[in-house]
Amino acid sequence: MVAITETAVYVWTAFSAVQMVFHPIALGWYWRRMDCTPVKQRLPVHFLFANCFLSGWAIWSCLQYPVSSYISVFLDQAILLSVASPCCDTYIVIALSLFAAFNRADKMLKLNAATSRWTTWQLRASAWLMKWQFAVTFIAVSWLATLAFQIIYCVSHPDLFNLTYHDVKVVVGNDASVLIGVAVYKSMFSFILLLLLSWKLRIVVDAFGVKILLKRIGMAAVVGGIQFVFFQAPINSAFGDKFNYSLAVLVLVANYIIVMSVCVPIWQTYKRNAETLPVTHNPSIQLEALLKTPEGFAAFRDHMKTEFAVENVLFFRDAYEFRKEFFVNSEESRRRATAIFTTYLSPDAPLEVNIPSPMSAFFRTAAFNDDGTVNDSAFKPDLFAAAAHVILQLMEVNSLDRFKQAQPAAWNAFVARQNEQAVLHTIHTPRFPSHRQSNSESGKRTSN
């Protein structure tokens with residue numbers, strides 16, 4: 001390998017340093033947010049493992065220049081394979097698990113006494129594909145098989161055990177290029193398979209973004225692999241073969257995948273309204289879950305406007321937000337309590353809601369003072385919880401069925417989201433011990 005120029009050394013060193021700082025921070029942060037929505041709905045352990053291996057591949061690729069004169073071609077490729085193969089295969093496991101889970105759910109809906117043995121076998125096979133034992137076995141066997149092939153090839157070409165990149169020029173068709181091609185083509189095949197599986201996933205709404213994420217990962221990896229295989233020589237010759245620009249592009253693709261599958265989900269965990277919907281067929285709980293999604297709330301609010309009862313859904317939203325954002329000894333929480341009382345519950349409330357008389361009397365005589373300020377004895381996270389529950393039941397009895405008829409698209413999208421969440425929960429995955437409860441996720445505040 002031709003010695004690279006001093007400028008290229010500085011550029012590559014800075015590029016490598018960015019990987020070594022950015023990746024551990026991103027992956028550690030992801031691990032800290034694994035209990036948060038939407039990370040916990042996206043097979044977080046699988047994605048964490050896949051991206052740890054991807055990070056290892058990117059960092060080792062950056063280290064190839066300083067170590068290329070000291071290690072053999074075989075050792076370099078064995079190390080790359082040890083991180084690239086588990087990364088690719090973990091993504092395959094993710095896609096296979098989702099494919100099996102959604103197919104299994106679809107077949108279970110059609111299950112009856114006349115179900116064939118073939119369908120029954122498919123259900124059992126799908127259940128096995130969803131287990132973590134399959135994931136570990138598949139990843140280990142795939143890695144060992146590919147490594148065995150590399151070793152067998154190098155035994156028949158023993159110079160590869162000793163030659164370094166400094167000693168040999170990699171040319172298409174020579175021994176070194178064939179060895180390098182083992183990991184490259186295996187990775188490309190894996191990501192093409194990932195792309196096909198993600199394309200065939202039976203996810204309708206994709207509420208948690210799993211399907212589109214897998215598509216983007218597969219597409220980015222395939223494009224990066226194509227440029228490396230077919231355009232490496234012309235790119236490097238055009239810009240000077242003292243610097244492997246094609247490999248730098250691959251590392252950038254790896255960073256794109258880490259940003260999309262690690263950094264973006266982390267950011268989404270901090271977004272407002274990011275939470276898990278309860279999977280249930282109870283109408284009241286379903287309505288509550290619907291109102292906790294931005295799209296569902298907007299659709300139901302528009303419907304309640306047509307029924308001249310929009311104050312109900314607005315009160316439920318404000319009471320829920322008060323409980324979620326409650327802080328003891330917080331002036332903001334006290335201002336919110338006063339605003340809710342004066343808007344919905346006071347004698348002169350502009351959007352007065354219909355609650356039982358004893359409950360109304362409690363707010364007007366015991367919970368709040370004449371000036372609208374909340375009493376210390378009543379200032380609790382569940383101050384409005386009972387009233388919100390009454391209003392929820394009122395909307396469920398009076399308005400939910402008409403909403404389903406008036407806005408079937410919004411309701412069907414919500415039900416599809418619930419079904420997708422239920423399927424995602426059926427995939428068996430080993431969990432890390434619960435290291436914490438996220439304050440941002442759970443909204444838990446200091447208790448009385």
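Cysteines, cores and surface

Reader: By the rule for a disulfide, what does the count come to?
Author: The count comes to zero disulfides, a disulfide being a pair of cysteine sulfur atoms within 2.5 Å. This is a predicted model, in which local features need pLDDT of at least 70 and side-chain atom pairs count only at pLDDT 80 or more, while totals for chains, interfaces and linings use all residues. Residues are numbered from 1 along each chain as its sequence is written, and side-chain values use heavy atoms, with hydrogens and water left out.

Reader: Which residues have the most contacts inside the largest nonpolar core?
Author: They are Phe47, Trp57, Tyr91 and Leu214, in a core of 70 residues. A nonpolar core is a set of buried Ala, Val, Leu, Ile, Met, Phe, Trp, Tyr and Cys residues joined through side-chain atoms within 4.5 Å. Among the helices that each supply at least two residues are H1 (6-32), H2 (44-67) and H7 (210-239), and H3 gives the most, with 16 residues. Helices (H or I, at least four residues) and strands (E, at least two) are DSSP runs, numbered from the N terminus, and the chain has 17 helices and zero strands.

Reader: Which residues does Tyr91 touch?
Author: Contact means heavy atoms within 4.5 Å, and, not counting residues up to four places away in sequence, the partners of Tyr91 include Phe47, Phe191, Leu214 and Ile257. Apart from this core lies another, of 42 residues, with Phe300, Ile340, Leu345 and Ile391 among them.

Reader: Why is Ser399 called buried, and which residues is it in contact with?
Author: Ser399 has a relative accessible area of 3%, and so it is buried. Ser399 lies in the loop between helix H14 (385-398) and helix H15 (400-406), and, leaving aside neighbours within four places in sequence, its contacts are Phe300, His303, Met304, Glu307 and Leu394.

Reader: Leu43 and Phe308 both have a positive phi; is each buried or exposed?
Author: Leu43, with phi of about 45°, is in the loop between H1 and H2 and is buried because its relative accessible area is 5%. Phe308, with phi near 55°, sits in the loop between helix H10 (294-306) and helix H11 (310-324) and counts as exposed because its relative accessibility is 74%.

Reader: Which residues form a nonpolar patch on the surface?
Author: Ile151, Val155 and Phe161 form the patch, with about 240 Å² of accessible area together. Accessible areas come from the Shrake-Rupley method with a 1.4 Å probe, where for residues only the protein chains shown count as cover.

How values were computed. Patch = residues over 30% accessible without salt bridge, like charges linked within 9 Å, V, L, I, M, F, W, Y side chains within 5 Å. Salt bridge = Lys/Arg side-chain N within 4 Å of Asp/Glu carboxyl O. Buried < 20%, exposed > 50% of the residue type's maximum accessible area, 1.4 Å probe, protein only.
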